[in-house]
Amino acid sequence: MSTRTRRYVVILMVLMVGITFLWLIWATSENLNKRKERGERLLTLPSLSLLTLDSVEFIIEAGQPTAFIFFNSTCEHCQYEVQDIRKNITLFEGSQVVFMSSEPLSQISSFANSSGVTGIPGVTFTKIESEQAASVFGTLSVPHIFIYGKNGKLRKEFKGETKAE
């Protein structure tokens with residue numbers, strides 16, 4: 001390989017590394033901006049379109065503490081989470097506990113029926129469309145809990161299995 005060809009190869013490699021480096025900086029910046037936007041969006045009680053197990057639109061009651069629990073029926077941690085909530089249900093009196101999943105209603109219903117918390121005032125199992133969940137909450141692991149106070153402000157976010165206490 002001639003000296004001239006080597007020089008072009010080195011210049012091309014330096015350019016490729018530089019472009020890759022700039023792209024990584026841009027992608028990191030975009031990711032940070034999306035996280036910031038998500039965080040700001042979730043600071044107040046989101047407006048959601050949820051369906052109950054009866055395929056009726058669920059309306060979130062303003063002025064009440066609300067816990068949104070995103071779950072998947074096959075998730076073992078979600079199953080433990082709902083059992084812990086059932087054992088400590090008195091901690092949630094006067095609050096809305098809204099279980100959300102993007103699974104089919106039949107799977108949500110089966111999970112709800114086996115949970116032991118159906119029929120308890122303030123506890124509702126709902127379906128959220130996966131597109132809406134992603135646009136409002138971003139990428140979620142399950143279980144994932146958002147706690148909002150009476151004033152509609154986010155008080156706490158829990159990722160993964162969390163004790164109700």
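How do the residues of the lining of the largest pocket divide into nonpolar, polar and charged? They divide into 12 nonpolar, four polar and three charged. In this classification Ala, Val, Leu, Ile, Met, Phe, Trp, Tyr, Cys and Pro count as nonpolar, Asp, Glu, Lys and Arg as charged, and the others, Gly among them, as polar.

Before the next selection, please note that this is a predicted model, in which local features need pLDDT of at least 70, side-chain atom pairs count only at pLDDT 80 or more, and totals for chains, interfaces and linings use all residues. Residues are numbered from 1 along each chain as its sequence is written, and side-chain values use heavy atoms, with hydrogens and water left out.

**The largest pocket**

Select Ala67, Phe92, Ile147, Phe158 and Ala164, which lie nearest the centre of the largest pocket among its 19 lining residues. A pocket is defined on a 1 Å grid over the protein atoms alone, as an open set of points where a 1.4 Å probe fits, with protein on both sides within 12 Å along at least five of seven lines; lining residues have an atom within 4 Å of a point. The volume of the largest pocket is about 310 Å³, taken as the space filled by probe spheres set on the points, with grid points joined across faces, edges and corners. Colour next β3 (66–70), α2 (76–87), β4, β6 (144–148) and β7 (154–159): each supplies at least two residues of the lining. Helices (H or I, at least four residues) and strands (E, at least two) are DSSP runs, numbered from the N terminus.

**The sheet**

Now display the strands together. Seven of them form an open sheet with mixed pairing, in the order β2-β1-β5-β4-β3-β6-β7. At the edges stand β2 (57–58) and β7, each with a single partner strand, so one side of each has no neighbour in the sheet. Two strands pair if DSSP finds at least two bridges between them.

Select β3. Are its residues buried or exposed? Five of its five residues are buried, buried meaning under 20% relative accessible area with a 1.4 Å probe, protein chains only. Thr66, Phe68 and Phe70 point one way from the strand, while Ala67 and Ile69 point the other way, and all are buried. In a regular strand the side chains alternate between the two faces of the sheet.

Centre the view on Phe68, whose bridge partner in β4 is Val98; Phe68 also stands opposite Phe146 in β6. The pairing of β3 with β4 is parallel over five bridges, whereas that of β3 with β6 is antiparallel over five bridges.

**Strand β5**

Move to β5 (residues 123–127), where five of five residues are buried. Both faces are covered, with Val123, Phe125 and Lys127 on one side and Thr124 and Thr126 on the other. Strand β1 (residues 50–52) runs antiparallel to β5 and is joined to it by two bridges; there, Leu51 has Lys127 as its bridge partner. Strand β4 (residues 96–101) pairs with β5 in the parallel sense over five bridges, and Ser101 stands opposite Lys127. From β4 the chain crosses through helix α3 (residues 105–115) to β5, and this β-α-β crossover is right-handed: with the strands pointing away from the viewer, the path from the first strand over the helix to the second runs clockwise.

Select Thr126, which lies in strand β5. It counts as buried because its relative accessibility is 0%. Beyond residues up to four places away in sequence, Thr126 touches Leu50, Leu51, Phe58, Val98, Phe99, Met100, Ser101 and Ile108; contact means heavy atoms within 4.5 Å.

Continue to Phe58 in strand β2, which is buried at 12% relative accessibility. Apart from neighbours within four places in sequence, Phe58 is in contact with Leu50, Thr52, Gln96, Val98, Thr124 and Thr126.

Finish at Ser95, in the loop between α2 and β4. Ser95 is buried at 16% relative accessibility. Its C-alpha atom is separated by 5.8 Å from that of Gln64, 31 residues apart along the chain. With neighbours within four places in sequence left aside, Ser95 is in contact with Gln64, Pro65 and Gly122.

Conventions. Buried < 20%, exposed > 50% of the residue type's maximum accessible area, 1.4 Å probe, protein only.
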